[in-house]
Amino acid sequence: QVQLVESGGGLVQPGGSLRLSCAVSGSIFSIRAMGWYRQAPGKQRELVAVIIGGGTTNYADSVKGRFTISRDNAKNTVYLQMNSLKPEDTAVYYCNANGLLRDRRDFVSWGQGTQVTVSS
């Protein structure tokens with residue numbers, strides 16, 4: 001009932017930038033929070049950044065000052081601007097959203113993931 005479609009991943013050199021986008025669609029009444037997680041090979045999925053309805057943001061310590069999460073409520077889209085990328089940022093990045101469906105049931109949904117590779 002809820003679909004998340006990510007875009008914007010790819011290969012970038014260290015120090016470079018990428019912008020990820022995630023569009024949320026479906027039978028949605030409201031979205032409480034949207035966020036980005038990542039999972040590197042052999043590691044657990046970890047939170048990168050989250051933005052809550054009022055605009056409050058939270059970042060992993062490893063990306064503070066380099067990544068910026070933003071949200072377009074009219075488009076139900078969340079963005080992750082990633083600057084000064086490092087090889088250790090290499091991972092599959094997943095979009096996440098949670099909120100209420102039109103029938104007022106809670107939902108938590110994930111995107112399919114987009115690969116980000118930082119390498120020279």
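This is a predicted model: local features need pLDDT of at least 70, side-chain atom pairs count only at pLDDT 80 or more; totals for chains, interfaces and linings use all residues.

Mentor: Happy to! Cysteine 22 and cysteine 95 are joined by a disulfide, with an S to S distance of 2.1 Å; the term stands for a pair of cysteine sulfur atoms within 2.5 Å. The torsion about their S-S bond is about -85°, so this disulfide is left-handed. The bond links distant parts of the chain, 73 residues apart: cysteine 22 sits in strand 3 (residues 18–26) and cysteine 95 in strand 9 (residues 91–101). Strands here are DSSP runs of E, at least two residues long, numbered from the N terminus. Both cysteine 22 and cysteine 95 are buried, where buried means under 20% relative accessible area, exposed over 50%, and partly exposed in between (1.4 Å probe, protein chains only).

Residues are numbered from 1 along each chain as its sequence is written, and side-chain values use heavy atoms, leaving out hydrogens and water.

Now to the backbone. Asparagine 76, in the loop between strand 7 (67–72) and strand 8 (77–82), has a positive phi near 50° although it is not a glycine. Asparagine 76 is partly exposed, at 25% relative accessible area. Strand 9, which holds cysteine 95, is followed up by the loop between strand 9 and strand 10 (106–110), where arginine 104 lies. Arginine 104 is another non-glycine residue with positive phi, near 75°, and is partly exposed with a relative accessible area of 47%.

Notes. Helices (H or I, at least four residues) and strands (E, at least two) are DSSP runs, numbered from the N terminus.
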